[in-house]
Amino acid sequence: MTALAPLRLRGGRQFRYGPAIAHFDGVTLAYEDRRFELSGFAGRRVSNFGIAQESLVADEATIAGASAKLSLKDLIRIPLVVSGELLRFDGRNHVDTKLAYRFDRRNSLLGRLRLFGGKIGRQALLLRSRLSKVTTIAAELTNRSRNDFIYDLLLSRPLGSDQTDSRRYLSFGD
């Protein structure tokens with residue numbers, strides 16, 4: 001039974017943080033150990049804020065994705081972690097890639113690139129230093145473009161002429 005211990009299967013209402021925050025009813029299958037992680041999920045998007053998705057989404061709100069993470073420390077003794085996530089929604093792919101270097105147990109550097117529909121949404125560089133169990137100093141440089149999502153994938157879609165569209169009243173800005 002220990003051979004299946006890194007394997008995880010989950011079904012029902014879920015959320016995933018990755019290229020975008022995804023709330024869905026579906027299934028997730030994952031394999032995780034300290035060197036390597038691989039997961040995939042699929043389901044139907046769950047509406048937040050009561051937004052009527054039927055008028056906004058072309059492919060019936062199906063959502064799917066995958067993620068992979070590889071720690072090179074145990075393989076080739078370089079304290080580097082490479083990871084990537086893919087989210088497919090409304091006919092578009094959204095990607096989040098990360099490269100992290102750990103200088104030691106307390107200090108690390110992280111680079112991140114997020115793509116939404118094939119366009120750069122966000123670039124970030126983060127330097128962290130843990131001073132104690134309760135104190136961490138972090139310096140972050142972030143470049144967000146107009147293609148970056150706001151919160152929900154549907155909120156990033158253009159507003160139509162429908163005056164009853166609840167996105168008009170959520171005050172998420174332009």
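Visitor: Which loop is Arg77 in?

Guide: Arg77 lies in the loop between α1 (73-76) and β5 (80-89). Keep in mind as we go that this is a predicted model.

Visitor: And what's phi doing at Arg77?

Guide: Phi is near 60° there, a positive value in a residue other than glycine. For background, most residues other than glycine have a negative phi.

Visitor: Is Arg77 buried or exposed?

Guide: Exposed, since the relative accessible area of Arg77 is 74% and the cut-off for exposed is over 50%.

Visitor: OK, zooming out. How many helices and strands does the chain have?

Guide: One helix and nine strands. Going along the sequence, the pattern reads β-β-β-β-α-β-β-β-β-β.

Visitor: What order do the strands take in the sheet?

Guide: The order is β1-β2-β3-β4-β5-β6-β7-β8-β9, in an open sheet with antiparallel pairing. β1 (7-16) and β9 (136-144) are at the edges with a single partner strand each, so one side of each has no neighbour in the sheet. On average, neighbouring strands are turned by 15° against each other, direction ignored.

Visitor: How are β1 and β2 joined?

Guide: By a hairpin, through five residues. The two run antiparallel, with ten bridges joining β1 to β2 (residues 22-32). Within that pairing, Gly11 sits opposite Val27 in β2.

Visitor: Now β6 and β7. How many bridges join them?

Guide: Nine bridges, between β6 (residues 92-102) and β7 (residues 107-116), and these strands run antiparallel too.

Visitor: What does Lys98 stand opposite?

Guide: Arg112, in β7.

Visitor: Switching to aromatics: how many pairs are there in the structure?

Guide: Three aromatic pairs. One of them is Tyr101 with Phe103, where the ring centres are 5.0 Å apart and the planes are at 75°.

Visitor: Why does Tyr101 with Phe103 count as edge-to-face?

Guide: Because the planes are at 75°, and the cut-off for edge-to-face is over 60 degrees.

Visitor: How accessible are Tyr101 and Phe103?

Guide: Tyr101 is partly exposed, at a relative accessible area of 32%. Phe103 is also classed as partly exposed, at 47%.

Visitor: Let's jump to the end of the sheet. Where is Ser145?

Guide: In the segment after β9. Ser145 is partly exposed, with 29% relative accessible area.

Visitor: Which residues is Ser145 in contact with, leaving aside neighbours within four places in sequence?

Guide: Ile120 and Gly121. Ser145 and Gly121 are 24 residues apart in sequence, yet their C-alpha atoms are 5.2 Å apart in space.

Visitor: What about contacts across the chain, how many of them join residues at least 24 apart?

Guide: 35%, counting among contacts between residues at least 6 apart in sequence.

Visitor: And how much of the chain is buried?

Guide: Buried residues account for 27% of the 174 residues. The accessible surface comes to about 11,500 Å², and 56% of that belongs to carbon and sulfur atoms.

Visitor: Last thing, confidence. What's the average pLDDT?

Guide: The chain averages 82, and 76% of the residues score at least 70.

Visitor: Where is confidence lowest and where is it highest?

Guide: It's lowest in α1, with a mean of 84, and highest in β9, at 94. That brings us back to the loop we started from, with Arg77 between α1 and β5.

Conventions. Residues are numbered from 1 along each chain as its sequence is written. This is a predicted model: local features need pLDDT of at least 70, side-chain atom pairs count only at pLDDT 80 or more; totals for chains, interfaces and linings use all residues. Side-chain values use heavy atoms; hydrogens and water are left out. Two strands pair if DSSP finds at least two bridges between them. Helices (H or I, at least four residues) and strands (E, at least two) are DSSP runs, numbered from the N terminus. Axes are lines fitted to C-alpha atoms, for helices over the stretch in contact, and angles run from 0 to 180 degrees between N-to-C directions. Rings of Phe, Tyr and Trp (its six-membered ring) pair if their centres lie within 6.5 Å; planes under 30 degrees apart count as stacked, over 60 as edge-to-face and the rest as tilted. Buried means under 20% relative accessible area, exposed over 50%, partly exposed in between (1.4 Å probe, protein chains only). Contact means heavy atoms within 4.5 Å. Accessible areas come from the Shrake-Rupley method with a 1.4 Å probe; for residues, only the protein chains shown count as cover. pLDDT is the predictor's confidence in each residue, from 0 to 100.
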